[in-house]
Amino acid sequence: MARRPQPGQSAHDQALRDLAALQRRLYGLWWLDGSRKEKPDGWAERCAAQLDPADPDSLASGVRTAADGLFGPDGLRSQIPWGDTAEELAARIAEFAEGNIAPDRELQRCPEPPFHSTPDPSIVVRGARLDRPLTDEKDLPCRTVGETVTGIVIGGAMTPAPPAPPVPRLDGLPGADVLAALLKEFFLLDRAALSDDDLEAALGDDSRVQGTLAPWTRTWEQPWSPLHLIWKTDCHPTPYRSEGEDHWSFDGTRYRWDGTGAVAPSTLTGRALLNPLLPFNTRSRLAQHIRTHPRGPVAGLTALREAASEDDELSQRIDGVNLWLAQHAPAFNLRTPLVDTGLSRVPLSEVPDPGPLDGPPRDFRPVRAGQVAFEQLHVIDRFGRSLTVISPDNMLSYAVKRADSVVPDVPVNEENEYRYVQLPPRLLQPARLRFDHVSALDDDRLIEVEDGPAEAAGDTPVCGWLIANRLSHSLLVHGPDGAALGEIRAVLDTAHRRTTDWDPLPGSPYPQTGADTPGGHAFQQALPHLHGFVTGLLDGGPDAFDALLATVDSALSATAPQGEDTSLAALVGRPMALLRSRVRLELDGPAMTASSWEEVLSPTEPEFTGYRWNVRLGAGDIVSDGLAGFFTGTDYTTLHTVAEPGTPGYAVPIDGREIALTARPASGDHPPGGARREEESDTAWLTLLADPWAAVHAVSDILPVARLELPETWVRTPLGRVRLSFRMGPLFAGVREVPGEEGAEPVEHLVMPGPSGRRGTWSWAEPAPVGGGGAGDGAGDWTTRPLAPPDPPLALTDTTPAARFGFLQLSGALDEPDGDGRRNGSSA
C-alpha cells in the first residue's frame with residue numbers, strides 16, 4: 001500500500017475547496033437578495049447580475065464552470081477513484097488499479113491531515129442537577145386491580161370510591177376493568193388533595209386508607225429539568241493586529257496580550273440547549289483508558305469513574321460568538337437550485353450579515369481575540385422556571401472560575417478583573433499546521449515516510465547521521481545510507497590553539513570539505529544539507545563544536561529510556577539524525593472575506609492573510625519529544641536548541657520566534673525540481689537535529705500540536721550499516737592468517753584482544769601503505785582486517801608486531817532502539 005497521492009488528487013482537492021468557497025458566496029448573495037427588503041442603492045441590480053447563470057462573467061456562471069470542471073464527464077473527479085459507498089469505491093479502485101497499479105500493490109484511500117475549526121467558547125455550570133436521575137432506577141413495579149385505593153379519609157370520614165366516577169369514553173380500549181379501578185383511585189386521591197392535609201395524612205398513615213396504597217404514591221412536585229442556557233455578555237475585542245501594529249506576542253507556548261489596541265465592547269446575547277456532555281465524556285474516556293491499559297491502576301481509575309458519575313456539571317458552548325465576529329449569521333437550511341451541493345456536499349450553515357443598512361458597519365474580525373464578561377446567565381428548565389446564576393444584581397461581584405489559559409494577561413478593566421475571560425487569538429476559518437518530511441535533495445518533494453524506503457525509490461528525508469563519540473570527544477558523520485564519511489574533532493594547530501578539523505573515516509569518498517576542492521565539491525553536490533552542516537560547524541570553530549556536543553548530550557539524556565545501558569555503543573552515544581522538513585500553515589480554501597454590502601459583491605484580499613504566526617519546535621515538557629535543535633532554511637551557522645546553551649553563539653535557545661508563517665489557502669505542492677520563490681511566508685524549510693527513535697512536535701497555540709516522526713523502517717537499515725569508529729594509535733599488533741570458512745582462502749586478521757560487547761562485530765581499519773595509493777585520503781585507501789585474539793600456540797605464525805595508527809570499528813550495534821527495544825521516550 002502506498003500513500004503517494006495519485007495523479008490529479010491534489011488538483012481535485014484544491015478545486016473542491018475553491019468550489020466550496022464559491023458556492024458559499026453564491027448562497028450568501030441569494031440569501032441577502034431574498035431576505036433583506038432594504039438594500040443599498042444599486043445593490044439589487046448588481047446582485048442580480050451575479051446571480052444570472054447566463055452571464056459568463058457572473059458568480060453563478062463561475063460556480064457552474066467550476067462544478068463542471070470537477071464533476072463533468074472529463075472532470076477532475078473522473079480521474080481519481082471515487083465512490084459514495086464502500087461498494088462503489090471498491091469497484092472504482094479495482095478499475096483504476098488495472099494498468100495503473102502494480103499487481104503487488106494495493107490502492108487505499110488515506111486521509112490528508114484534517115483542517116481544524118475553532119469552536120465557540122464553552123462554559124461549565126455546576127449544581128444545575130441535570131444529570132441526576134428523575135425516576136427510580138430499579139425495575140418498574142406493577143400491581144393488579146385488587147391493589148388499588150378504594151377508600152380514603154376525607155374531612156374526618158372514610159370516603160369510598162364512587163361506583164361510577166366521571167370518566168372519558170373508554171370504548172375500544174383494552175382492560176376496561178383496570179382503567180375503571182385506576183380512575184376510581186385517581187378520583188379519591190384528587191379529592192383528598194383538594195382538602196386540607198388529608199392526602200398528606202393518608203400517605204403517612206395506612207389506617208386512613210382502604211385498599212392498597214402504591215409504594216411510590218406521593219404528592220407530585222414539579223421536577224427540575226434544565227433545558228436552556230440564556231446568556232448576555234459584554235465582548236471586548238482585542239485585535240491581533242491593528243493600524244500596522246501587533247498587540248499579541250508568542251512566548252513559545254501561548255499568545256499574550258500586551259494591553260493595547262482594545263476596542264469598544266459590544267453586547268452579545270444568545271440561548272443554547274444544555275447537555276451533560278462533560279461528565280459523560282469523562283466517564284467514557286476513563287472507561288476507554290481502563291480497557292486500553294488493563295495493567296494500569298484499574299481500581300483507582302474505576303473509583304474515579306464512579307465519582308465522575310456524581311458530577312453535577314453542564315457544559316455548553318456560547319454559540320454565536322464566532323459568527324458575530326465573522327459578520328455571519330446562522331442559515332435556516334433553505335435550498336435553491338442555484339446552489340447545488342449534492343456532489344460537493346458543502347454545508348450551507350451560515351450566511352453573511354452586513355448589519356442594518358442605516359447603522360454603522362460591524363467590524364470584520366476573522367481572528368477571534370478578546371475578553372468576555374457575563375452580565376446575565378440563566379438556566380431555564382423544561383417547565384419554564386428560571387435559575388439565575390448571574391444577574392445585574394451580582395454581575396460585578398460574581399467571580400467566574402477560569403482555567404489558567406483564559407485568565408487575562410492584562411484585564412480590559414482593572415476593576416472587577418475576576419469577571420473577565422480572555423479569548424486568545426484563533427483563526428475563525430478552518431486551518432491546519434502541516435509538518436512534513438521533504439527530500440534531502442529537493443525541498444519541493446514531499447516524502448511519505450509511512451510508505452517505507454522502498455516506495456521512495458532511493459529518496460530520503462535523512463540528510464545524514466551524527467554520532468557523538470564520548471570516548472574521543474569527536475563527532476562521527478555518516479551519510480543517509482549509513483556510510484562512514486568523516487570525523488570532526490577539536491585539535492591543536494601549530495600555534496597550540498584549538499581548532500576544528502575534518503578527518504575522513506575509512507572508505508569515505510570525501511577527504512576534504514572545502515567547496516573549492518574536488519572532494520568538497522562532490523560532497524556539496526551529493527549531500528548539500530549535510531555538507532552545509534559540516535562546513536558550518538567547522539567554520540564555527542571549537543566553541544561551536546563544544547556547543548553541538550553539549551546539545552546532543554542534553555537531548556539524549558532527556559529522551560533516554562530508564563535503565564542503565566553499559567554497551568560500548570552507549571559509551572559512544574546514540575546516533576542523531578539530520579532530517580529535512582517543512583512547516584506550513586494552510587487555510588481550508590480561499591481566505592474568508594468581510595460581509596459588508598460591498599464586499600459580498602466584490603471581495604478583496606483580507607488583511608489577516610498577512611498576519612504572521614509563530615511556531616515553536618520541540619517540547620521540553622513532552623517526554624517523547626526528541627528534538628535537540630534545528631537550522632532554518634540553509635543557514636547552518638546557527639543551531640536553535642531546546643536546551644539552554646552555556647554561552648549563546650553557534651547554539652542559541654529556541655524562543656518560539658524563529659518561525660513566523662502566514663496563513664494561506666492550501667494548494668498543491670511544487671513540482672519536483674520546479675522553481676520556488678526565495679521567500680515564501682507560508683512555508684518554513686528546516687533541518688532538524690533529532691533522536692531518530694523519537695518524535696518532534698510543533699506548537700503554534702492557534703492549532704493542535706503537530707507531530708513529525710520517522711518510522712523505524714527508515715532507521716534500522718542505515719544504522720545497521722554504520723561502523724562506529726574509534727581512533728587509536730600507536731597500536732602494537734601483528735597479523736595472522738586465519739583459514740576461511742568451508743575451505744575458503746585464508747583471511748588476514750589483526751592480532752589483538754577484542755573489546756567485549758553484547759552485540760556487533762569488531763574490525764581494524766588503517767591507511768594503506770603509501771605505495772598502495774596514498775595515506776588514507778580517499779575511498780579504497782584503507783585496509784580493513786577482522787580481529788583475532790592472541791593465542792600462544794599460534795604466536796610463532798604471527799608477524800612481528802608493528803606500530804599502527806587507524807580506527808577500531810564496531811558494526812551491527814546500532815540497528816535497534818536503546819534499552820528494552822522500545823522507542824526512546826515511550827512508555828511501557
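**Salt bridges, a pocket and cysteines in a predicted model**

Modeller: The side chains of R426 and D701 meet in a salt bridge, 3.6 Å from N to O. The term stands for a side-chain nitrogen of Lys or Arg within 4 Å of a carboxyl oxygen of Asp or Glu. R426 lies in strand β16 and D701 in the loop between β30 (696-699) and β31 (706-708), so the pair ties together parts that are 275 residues apart in sequence. Helices (H or I, at least four residues) and strands (E, at least two) are DSSP runs, numbered from the N terminus.

Biologist: What should I keep in mind about the model and its numbering?

Modeller: This is a predicted model, in which local features need pLDDT of at least 70 and side-chain atom pairs count only at pLDDT 80 or more, while totals for chains, interfaces and linings use all residues. Residues are numbered from 1 along each chain as its sequence is written, and side-chain values use heavy atoms, with hydrogens and water left out.

Biologist: Are R426 and D701 buried or exposed?

Modeller: Buried means under 20% relative accessible area, exposed over 50%, and partly exposed in between (1.4 Å probe, protein chains only). R426 counts as buried at 18%, and D701 is buried with a relative accessible area of 18%.

Biologist: How many salt bridges does the rule give?

Modeller: The count comes to 38 salt bridges. One of them joins E112 to R434, with the closest N and O atoms 3.1 Å apart. That pair links distant parts of the chain: E112 is in the loop between α4 (86-97) and β1, R434 is in strand β17 (residues 431-437), and they are 322 residues apart. E112 is partly exposed at 42% relative accessible area, whereas R434 counts as buried at 7%.

Biologist: How is a pocket read?

Modeller: The search runs on a 1 Å grid over the protein atoms alone; a pocket is an open set of points with protein on both sides within 12 Å along at least five of seven lines, and lining residues have an atom within 4 Å of a point. Grid points are joined across faces, edges and corners, and a volume is the space filled by probe spheres set on the points. The second largest pocket has a volume of about 1200 Å³. Of the 42 residues that line this pocket, the closest to its centre are S122, I123, V124, K401 and V406.

Biologist: Which element gives the most to that lining?

Modeller: β1 does, with five residues. The lining divides into 26 nonpolar, seven polar and nine charged residues. Here Ala, Val, Leu, Ile, Met, Phe, Trp, Tyr, Cys and Pro count as nonpolar, Asp, Glu, Lys and Arg as charged, and the others, Gly among them, as polar.

Biologist: How many disulfides does the search find?

Modeller: A disulfide is a covalent bond between the sulfur atoms of two cysteines. The cut-off is a pair of cysteine sulfur atoms within 2.5 Å, and a search of the whole structure finds zero. Among the cysteines, C142 counts as exposed at 72% relative accessibility, while C235 is buried at 4%.

Methods: On a 1 Å grid over the protein atoms alone, a cavity is a set of points where a 1.4 Å probe fits but cannot get out, and a pocket is an open set with protein on both sides within 12 Å along at least five of seven lines; lining residues have an atom within 4 Å of a point.
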